Each structure stands twice: as C-alpha cells, then as structure tokens.
Amino acid sequence: MKALTRHRRLAAIWSSRPGWRGWLSTVNHNDVGLMFLVTAFFYFLVGGILAMLIRAQLATPHSAFAGPEVYSQFFTMHGTIMMFLFAIPAIEGLAIYLLPKMLGTRDLAYPRLTAYGFWCYFFGGAMLLVALLFGIAPDGGWFMYPPLTGKIHSPGINTDFWLIGITFVEISAISAAVELTVSILKYRAPGMSLGRMPIFAWYILVTALMILTGFPPLILGSILLELERAFGLPFFQLELGGDSLLWQHLFWLFGHPEVYIIFLPAAGVISTILPVMASTTLLGYRWVVAAAVALAILSFGLWVHHMFTTGIPHMGLAFFSAASTLVAIPTAVQVFAWIGTMWKGTPRLHLPMLHILGFFATFVIGGLTGVMVAVVPFDWQVHDTAFVTAHLHYVLFGGFVFPILAAVYYWLPLVSGRKRYFRLGEVAFALIFTGFHATFLAMHWVGLMGQRRRISTYAPEDGWTAINLISSVGGFVLAFGLAMVLVEVVLHAVVRHHSARNPWRAGTLEWATTMPAPAYNFASLPHVDSREPLWDDPGLPVRLARGEGYLGDPASGRRETLMVDVATGVPEQHVVYPTNTHLPIVLAAVTGLFFLSILIKVFWLTPVAVAGVVALGWLWVWRLGSRNDLGEQPIGRDLRVPNIAESDRPPGWWGSAFLLVADGTLFGSLLFGYAFLWTVAPGWPPPAFANPSPFALVAASAGAALGIAGGVFSIRNNRDGKGPVPGLLMALGGMLGLGVALMVFLAGAPSPSSHAYGATLWVLGSYGLLHAVLAGLMLAFLLSRHRAGYISSRRRAELAIAPVWIGYACVTTALILLAAYLPGLAT
C-alpha cells in the first residue's frame with residue numbers, strides 16, 4: 001500500500017466531522033487538546049482584563065473607578081480564572097495534544113473521557129462567566145475563607161457560584177489526571193521503557209498524580225461549605241462545633257501543591273525545549289526526574305506555610321518553615337541541570353529561548369522571595385500584604401506564563417504546518433518582560449511599606465501613590481505585549497508560510513509526524529530504542545509513513561493502538577477505540593444540570609439529573625466490548641497480542657485504580673477533618689455520641705465477606721467455564737448488606753444540623769452508601785452484559801473491574817463505622 005493511500009484511509013477512520021458540528025462530537029486528542037488550549041487562553045484574556053481593571057482602580061488614591069463590592073468581584077474572579085480556568089486547563093490542553101505524539105501512539109487511553117472533561121470545563125467556566133456578566137460573581141476572594149463566605153455574612157448566590165462552578169470544573173481536572181496517568185504508563189510506543197520516556201512525559205505523570213491527590217481536599221471543602229450554606233450543616237460554625245480553620249487546612253492542602261502542579265509542567269516544557277535550543281541533550285536526565293518527584297512529595301508537606309499567622313503551635317511553625325525552605329533543593333537541581341545543559345551545548349537565541357531566559361530571571365526572584373516568606377518572623381510582617389501578591393505572580397507568571405509562551409512559539413509549526421512570517425514576538429517579549437517586572441517589583445516595594453492585599457482604595461498620605469502608578473503603568477505595558485502575542489498567533493493562522501518538517505531539528509517523536517499533525521498521528525507505530533529517536537534514526541518518519549512500524553495496515557477500519565508493559569514498553573494488548581460521539585457533551589450537560597439544580601435550589605431536579613447521569617453512564621460503557629471471541633490480534637513485525645477484552649488488566653481496571661486514588665484522598669481528607677474538629681474545635685466532645693448498632697456491624701461484616709468472596713468467585717468460575725452469575729449475585733447481595741448497614745448507621749446518627757459531629761457522621765455515612773450503591777450498579781451491569789453475550793471465559797476483562805470497587809466500598813465502610821463508633825465506646 002502506498003503511503004498516500006494509507007494516509008487517506010487512516011484519515012477517514014480517525015478524522016472528525018468537518019465544521020463546527022464536528023467539535024461537538026469529536027473525541028480525537030488533537031481536537032480536544034486544541035479546544036482546551038483555545039478556551040484556556042480565552043480565559044487568560046478575561047483574567048488579564050480583570051487585572052487591568054484592578055490596576056486602574058489602584059493607580060490613584062480614592063479612585064472612583066469601581067466600588068468596593070464590584071472591586072471584590074474583580075479580584076476574586078481574577079484569581080479564580082487564572083488558577084482554575086487558565087493555568088490548569090492550559091496544562092491539560094498542552095499535554096492532551098502533545099503526549100500521544102511524544103509517546104509514539106495514536107490517542108490517549110480514554111478519548112471520550114477527554115472530551116467529557118473538556119465539556120465539564122466549558123460548562124463550569126461558563127457558569128462563572130455568566131455570574132461575572134450579571135454582577136453576581138463570587139466576591140469572597142479566590143480562597144473563599146469562611147466565616148466571610150458563610151450564609152450569615154454572604155447570603156447571596158455569589159459564593160455558591162464559586163463552590164459549585166469550581167467543583168464542576170474540577171471534574172475536568174480529575175478526568176484529565178486519570179487519562180494522562182494511564183496513557184503515560186500504558187499507552188506508549190513499543191520499546192519505550194520508563195527510562196526512554198521524554199522528560200515532558202515524566203513531568204506530566206508527576207503532575208497528574210499530584211492532581212489526583214491534591215484536588216480532592218478542595219473538592220471536599222467546597223462540598224462541606226455548600227452543605228453548610230444550603231442545608232445548615234455546621235462544619236465551619238464555631239458555636240456548633242465547627243471551625244473555620246478547617247476550610248483553610250483543606251484549601252491549602254490543595255493550594256500549595258497547586259503551585260507546583262502549575263510549575264512542574266512548565267518545567268517540563270523548559271526541559272524539553274532548552275536542549276533543542278542548545279543543540280544537545282538534557283544534562284542529568286535521571287536527576288531531573290528525581291528532583292521533580294521530590295518536589296511533588298515535598299509540596300504536600302507545606303500547606304501550613306500559608307497559615308503561619310493563625311496561631312499554629314511553635315513546633316508546627318518550625319517544622320513547616322524548615323520544610324518550606326527545603327523545596328529549594330530539588331528546584332535548584334533542576335535549575336542547575338538547565339544551566340549545565342546550556343553550558344555543554346550551543347544556545348541559539350530563537351524566540352522560545354528568549355522566553356526561557358525570561359523564565360530564569362523571573363522565577364529565580366520568585367523562588368528567593370518564597371524562601372523569605374518561609375521564615376516565620378518575616379512572614380508575620382508581610383502576610384496579607386502586596387508583597388505576597390507580588391511573590392505569587394513572580395512564581396506563577398515567571399514559572400508558568402513565560403514557559404507556556406515558549407511552548408506556543410516552539411510547537412506552533414506542529415499545529416499549523418507554518419512558520420512565523422511577521423516578527424512581532426521579539427518586541428512582544430521585550431514589552432512583557434519589562435512590563436511584568438515594573439508591575440511586580442513595585443508591588444514588592446509597596447507591600448513592604450504596608451499596603452494590604454485586596455484593598456479597593458488608599459489615602460494619599462499613605463505614601464503609596466507613586467509606586468502604585470508605576471505598577472499600573474507596567475501592568476498596561478505587560479498587557480500590550482501579551483496583546484501583540486495574540487495578534488501574531490492570529491496572523492500566523494491567516495498567513496500561509498509553510499514550514500519544513502522538524503524546523504527545530506528536535507529528537508522527540510512529535511516531530512516525526514507530518515505538519516500539521518494528522519488525526520491519527522502515525523501511519524504506523526514506531527519501535528523506540530532511545531530517548532531521542534529522531535536524532536538516532538533520522539529515517540524513522542519515512543519508514544513510519546510507509547507502514548513499516550506496528551499497526552500499519554488500516555484495512556480493518558478500526559481506530560487501533562497498543563498497550564504496553566509499564567516498565568519495559570513491551571507490547572501487551574491490542575486496543576480498539578470508540579469513534580466520535582455526542583455522548584460526552586450530553587453527559588457533561590446532564591452533569592451540569594445536577595450542579596445547576598443545587599445552585600438555584602430547585603432540588604426536585606437533582607434526582608432527575610442523577611438518574612440521567614446513571615443512564616448515560618450505563619450507555620457509555622455498554623457501547624464497548626464485543627459479542628465474539630477475538631483471539632490474538634496481529635500488530636505487525638510478526639507479533640500477536642490479545643485484545644483488551646480478553647485481558648486481566650483492561651484500561652478500565654487501570655482507570656478505576658487511579659480514580660480511586662483521588663477518591664481515597666477525598667475520603668482521607670474527610671477523616672482528617674473529623675479528627676481536626678475532634679482535637680481543635682471548641683464544643684467537642686459532642687453533646688451525644690452515635691450509639692453503636694450491633695445489627696449495622698453484623699450486616700456490614702456479612703456484606704463485606706459476601707462482596708469480596710463473590711467478586712473472586714465470579715472471576716474464577718468464569719475462567720473455568722462455569723459462568724460468573726452466582727458470584728455476581730453473591731457480590732450484589734454483599735453490597736446490599738453494606739447499604740443496609742449504612743442506612744441503619746445514618747438512622748441512628750445525631751441530627752446533622754445541631755452539631756458538627758452529627759453533620760460529619762452524615763457525610764461519612766452518605767459517602768459509604770454512595771459507594772455501596774455504585775458497586776451494586778456495576779454488578780447489575782455485569783449481569784446484564786453476561787446475559788447479552790459480552791462476557792465469556794475468554795472475554796473476561798470486564799469482570800476484573802468490579803472487585804476493585806467492591807473492595808474499596810468494604811474498606812471505607814469499615815473505616816466509617818470504626819471512626820463513628822470507637823470514640824463513643826472509648827468514652
């Protein structure tokens with residue numbers, strides 16, 4: 001088959017419907033990645049406009065530009081948009097677009113999940129944008145501290161928009177994290193072991209795992225605060241056993257890792273582009289990977305860094321201060337590796353390199369001021385001043401925006417197939433660099449002079465006027481530079497000035513595709529023997545186009561790729577992807593209906609939306625699989641591997657495992673909150689304890705035994721040709737026992753509105769009941785699938801997934817009952 005014929009057949013299989021209608025049904029990672037990026041940069045524009053409004057307000061004393069209420073909405077939405085609607089989605093979009101190409105595969109692990117995540121982000125962001133346009137935007141700061149954001153002090157709907165909208169958006173982040181983690185570990189080119197992965201993939205893997213463990217505490221905090229506002233459960237009300245500091249702990253358990261979740265992918269961009277600009281390889285590859293992992297681990301031990309002024313005991317202050325300075329070590333390892341890379345190579349000052357140099361100058365200053373605020377006495381002086389705001393921007397703008405602009409200019413030819421014609425970028429960089437430092441160096445200065453954060457005005461006698469005017473002028477220079485970048489990107493899209501393939505002479509696989517990259521990425525999948533395959537084998541792109549790699553024959557008309565062994569990259573399974581569908585956007589819309597019903601307090605819609613999500617989820621999974629045994633599939637190079645339907649560890653098993661990492665982190669955060677209220681909050685021990693129910697304990701024990709045994713028997717009996725039905729029915733009875741035990745537990749719990757103890761028990765019990773029901777639905781689904789002919793002794797993959805959820809439901813139920821009943825028994 002000729003290369004052009006192969007291209008046309010693959011394009012027909014993988015391409016989306018042309019025109020805007022195709023955007024609504026596409027599940028291709030190229031389309032969805034670009035949709036993420038375009039939407040994220042739209043929100044960057046909105047957040048930038050809000051920043052200019054803030055600077056206009058503060059340029060002069062006693063400004064009448066905006067009143068305090070409107071100004072509060074400005075700075076709240078500015079921070080919210082930049083953190084939740086720009087930075088994280090931009091990372092996701094870049095990773096979704098690039099990773100399959102870098103890893104030598106055709107798509108991510110779960111294409112429909114990628115699309116669903118985008119539409120959740122799109123609809124959740126739209127909720128916040130509508131609130132801003134109608135003047136009812138959140139106004140309690142992007143960190144939403146209670147009691148200010150409680151029902152008493154913020155009775156309007158503003159806070160609810162933040163709590164519900166951000167929770168909706170974070171479904172997208174969790175979806176992307178599961179997607180990226182499984183894709184990096186299992187969907188790589190044959191031969192690409194962990195040690196041969198592109199450095200960018202390592203950074204994204206670390207970041208995705210951080211999202212899975214960093215975002216759930218904020219999701220939990222948002223749920224608890226919304227429950228307090230909507231139903232009066234007093235988690236943060238001091239007089240009823242709550243404590244507003246619980247929110248700060250949950251928020252900063254997310255908030256400090258969030259800084260590194262934003263920085264690490266940008267560091268991955270630097271580690272990818274810098275060696276190419278220096279015409280060499282990255283110095284200290286293994287050390288850089290180790291530093292990224294160390295930085296991720298350390299970031300979860302620093303959250304109290306933001307709470308030094310809240311009355312933390314001195315021992316705690318000393319520990320978290322030391323930990324906060326310790327992060328300078330893995331950061332310095334990466335910085336010195338980058339400097340060493342430039343030293344051993346020959347740096348070329350192309351436009352991406354200019355932005356990398358801008359990153360160095362800016363981020364190092366931000367890191368040094370970070371060490372300053374890690375010192376407790378200094379932090380006490382500058383806490384809640386403009387100094388901290390300036391430090392944050394030096395870290396995030398320097399550590400993220402400069403690298404992301406380098407990424408835009410570096411990978412733009414891959415997206416468009418064109419090279420720059422107009423040379424606006426160099427002027428834009430000069431304006432951005434100068435404007436940024438004028439804005440935020442001045443802000444450090446005025447912060448040291450005592451200007452507080454989030455103030456809407458100040459008096460002339462404060463002595464801040466000249467500094468604020470300089471800062472505002474610098475802000476507008478910065479904005480003008482960013483506008484020039486936008487203009488150049490638009491001109492780049494309009495002016496046809498074709499680029500040669502691999503214009504930067506890079507060694508990574510994304511440049512082995514044609515430009516712009518086709519929907520299928522590779523006509524055949526490569527075999528990888530090194531970290532820089534294009535440098536070691538310049539003829540690889542031509543051979544792949546000829547179909548000389550894996551899966552080079554498109555005769556089957558299916559979207560195919562491979563799963564590999566995690567460590568070695570040896571091919572293990574043959575994957576057939578689902579095709580384009582409207583299911584992700586419809587499911588996201590129904591999910592949005594659930595959140596909207598809570599926002600507008602139309603609670604009869606809530607169970608309708610839940611039923612819709614269950615029905616669509618059932619349909620989502622039902623469309624997968626086969627009614628016929630497939631046997632081993634030929635993948636090229638005289639190799640045959642089983643299809644995923646006939647494996648013991650299908651993609652669904654891997655996705656469930658990592659989704660339960662996030663789920664378990666949320667549950668652990670809930671237990672942490674329960675322990676925190678017990679030990680710190682006033683009004684504890686509670687007036688009355690939950691009475692232990694022998695029936696609930698027996699039902700839970702029997703249910704757990706039946707559930708776990710039934711899951712094991714269903715797999716064993718199916719393998720022996722006896723069928724899985726008896727085991728599935730046994731497991732279903734076990735989940736029924738867990739559900740009954742948890743309902744009895746809830747019936748005996750104290751009132752959830754009278755004390756935080758009762759409220760916490762109700763949330764714990766509801767969490768356990770939800771997972772028992774979820775596992776029961778999975779078992780009912782498997783019974784239906786077996787009856788419909790989708791499960792046989794060979795097609796056993798689906799049976800492997802339910803036991804993971806059954807085991808989780810059993811463990812969490814045991815912990816819930818132990819946490820609820822043990823304190824009462826002990827006293």
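This is a predicted model: local features need pLDDT of at least 70, side-chain atom pairs count only at pLDDT 80 or more; totals for chains, interfaces and linings use all residues.
Begin by selecting Glu488 and Arg420, whose side chains form a salt bridge with an N to O distance of 2.9 Å. The two partners lie 68 residues apart and join distant parts of the chain: Glu488 belongs to helix H16 (residues 465–494), while Arg420 sits in the loop between helix H14 (386–416) and helix H15 (425–448). Both residues are buried.

Next, select Asp160 and Arg229, where a salt bridge spans 2.9 Å from N to O. This pair also connects distant parts of the chain, with Asp160 in helix H6 (residues 158–186) and Arg229 in helix H7 (residues 199–231), 69 residues apart. Asp160 is buried at 2% relative accessibility, and Arg229 is buried at 5%.

Proceed to Lys186 and Glu572, which meet in a salt bridge of 2.8 Å, N to O. Here the separation is 386 residues, from Lys186 in helix H6 to Glu572 in strand E2 (residues 571–576).

Finally, select helices H22 (residues 694–719) and H23 (residues 725–747), which pack with their axes 7 Å apart at an angle of about 160 degrees. The angle is over 145 degrees, so H22 is roughly antiparallel to H23. The crossing of H22 past H23 is left-handed. Residues in their contact comprise 16 nonpolar, eight polar and no charged.

Definitions and conventions:
Residues are numbered from 1 along each chain as its sequence is written. Side-chain values use heavy atoms; hydrogens and water are left out. Axes are lines fitted to C-alpha atoms, for helices over the stretch in contact, and angles run from 0 to 180 degrees between N-to-C directions. Helices (H or I, at least four residues) and strands (E, at least two) are DSSP runs, numbered from the N terminus. Angles under 35 degrees count as roughly parallel, over 145 as roughly antiparallel, 65 to 115 as roughly perpendicular and the rest as oblique. A crossing is left-handed if the near helix is turned anticlockwise from the far one by less than a right angle, and right-handed if clockwise. Ala, Val, Leu, Ile, Met, Phe, Trp, Tyr, Cys and Pro count as nonpolar, Asp, Glu, Lys and Arg as charged, and the others, Gly among them, as polar. A salt bridge is a side-chain nitrogen of Lys or Arg within 4 Å of a carboxyl oxygen of Asp or Glu. Buried means under 20% relative accessible area, exposed over 50%, partly exposed in between (1.4 Å probe, protein chains only).
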